[in-house]
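User: Please take a close look at the strand pairing in this model. I would like one part answered first, with the surroundings after it.

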Amino acid sequence: MDLNDAVIDHLRQVAALPDLTGTRYELESEIGRGGMGVVYAARDRQLDRRVALKVLDSALAGEAQLIAHLEHPAIVPIYETGVLPDGRAFYAMKLVAGARLDQHLAGAPSLGERLRVLRRVGEALAFAHARGVIHRDIKPQNVMVGEFGEVYLMDWGVEAVAGTPAFRAPDDRLSQLSDVYGLGALLRFMLPASAPPALRAIADKAMRADPAVRYPDAPRLLADIERFQEGLAVEAWSEPLWHRLRRFASRNAVLLWLLAAYAGVKFLLFFLRNL
Amino acid sequence: MNKILAGLLFGLILGAIDGATAWFYPETHSMIGGILVGSSIKGMLVGLLSGWFAHKVQSTKWGIALGATLGLLFAFLVALMQHEHYLAIMMPGFVTGAIIGFLTQRTGAPSLAAKREA
């Protein structure tokens with residue numbers, strides 16, 4: 001048999017597949033590649049369900065232990081960790097059916113939906129930060145939106161991960177403030193071209209080069225987004241007077257209409273009387 | 001602030017303002033005091049009932065509807081007592097009631113039951 005290029009490529013691919021001998025999993029297909037390993041769709045023979053299996057490039061299993069401590073609706077739950085016959089560490093987690101954030105945005109969701117997704121990501125971050133864990137690599141490819149609208153922040157970073165350039169803070173030492181920067185970069189990425197200036201200002205404030213002038217934490221950024229959604233002034237933007245008046249009018253539209261109706265009735269009665 | 005108290009306060013203020021607009025009609029100058037007091041009491045009654053409703057039900061739409069209905073009803077009673085100026089009393093009363101109904105829904109603390117329903 002001739003060893004042509006196609007055969008050699010195939011052999012290379014097969015050789016790169018993880019050997020799951022001795023585990024309860026059966027490999028199905030590759031889902032994606034991250035900075036620290038490859039994620040596969042697999043079947044759990046014991047429980048007869050599909051799972052996502054992340055096989056790490058090294059024996060480093062700290063990532064799994066890190067995520068296992070984070071029980072949150074927006075963080076994918078870890079089912080099991082283990083070591084393959086070749087010494088590489090792996091962990092099994094919930095297989096999320098849905099779309100990556102960049103794919104989700106291709107469907108042109110409403111601004112409200114975009115902000116809902118961002119707030120879920122921010123809540124997961126705030127939860128992790130409260131437990132001393134930082135993500136390190138916030139980007140659209142690491143956010144999944146499930147078919148029922150559930151949002152997951154995936155691929156929690158370990159020490160070796162330094163982030164993706166467009167979303168990485170220019171900080172010497174990664175900290176929670178670096179994640180705040182990443183969240184701001186994610187917000188900027190998610191905003192449509194017609195986004196209001198208040199939202200752009202929130203993203204800009206989160207992405208300041210100097211960490212000291214960013215939002216001090218994720219909840220403060222989320223609070224500013226909430227203020228925007230409630231029609232209030234945001235911390236990040238000192239709005240011009242005309243904008244403040246327009247916001248007041250839109251926030252109090254019903255009252256202004258009622259007052260206008262009262263004035264209209266009074267004028268009408270006054271002029272009818274003088275006819 | 002409690003919604004019933006807010007209703008009373010808004011009713012008093014808006015009722016007084018509504019009564020004060022009678023000043024634009026010279027023939028009412030001699031009885032402006034009575035009009036102010038009457039209009040304020042009318043406003044307070046609408047405010048009291050709208051505030052009680054807002055305490056029980058959290059709905060801007062129904063708050064405005066009830067306030068407007070009460071404003072129209074009380075204005076009709078006032079006009080009935082005078083046997084004249086039905087339109088001039090009832091139309092502003094209707095809108096003032098709607099404003100009071102709206103404000104009682106938007107201000108003051110609702111009851112826990114209303115919060116749960118909302």
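Which residue is the bridge partner of Ala99(A) in β7(A)?

Analyst: The bridge partner of Ala99(A) in β7(A) is Val145(A). This is a predicted model, in which local features need pLDDT of at least 70, side-chain atom pairs count only at pLDDT 80 or more, and totals for chains, interfaces and linings use all residues. Residues are numbered from 1 along each chain as its sequence is written, and chains are lettered from A and ligands numbered from 1 in the order in which they are written.

Strands (E, at least two residues) and helices (H or I, at least four) are DSSP runs, numbered from the N terminus. Two strands pair if DSSP finds at least two bridges between them. β6(A) meets β7(A), residues 143-146, through three bridges, in the antiparallel sense.

The two belong to an open sheet of three strands in chain A, ordered β6-β7-β8, with antiparallel pairing. β6 (98-100) and β8 (151-153) of chain A are the edge strands, each pairing on one side only. On average, neighbouring strands of this sheet are turned by 25° against each other, direction ignored. Helix α4(A), residues 111-130, packs on the sheet and touches β7 and β8 of chain A. Contact here means C-beta atoms, placed from the backbone, within 7 Å. The direction of α4(A) makes about 45° with that of β8(A). Axes are lines fitted to C-alpha atoms, for helices over the stretch in contact; angles run from 0 to 180 degrees between N-to-C directions.

Now the other pairings. β2(A), residues 37-44, runs antiparallel to β3(A), residues 49-56, joined by eight bridges. Four residues lie between these strands in their hairpin, where Asp48(A) takes a positive phi near 50°. Ala42(A) has Val51(A) of β3(A) as its bridge partner. Val51(A) is also the bridge partner of Lys94(A) in β5(A). β3(A) and β5(A), residues 89-94, are antiparallel over five bridges.

β5(A) also pairs with β4(A), residues 78-83, again antiparallel over five bridges. Ile78(A) stands opposite Met93(A) of β5(A). The β4(A)-β5(A) hairpin has five residues between its strands, and Gly87(A) in the turn shows a positive phi of about 95°. β5(A) is mostly covered, with five of its six residues buried. Buried means 20 or more other C-beta atoms within 10 Å of a residue's own, exposed 12 or fewer, partly exposed in between, with C-beta atoms placed from the backbone.

Notes:
Contact = placed C-beta atoms within 7 Å.
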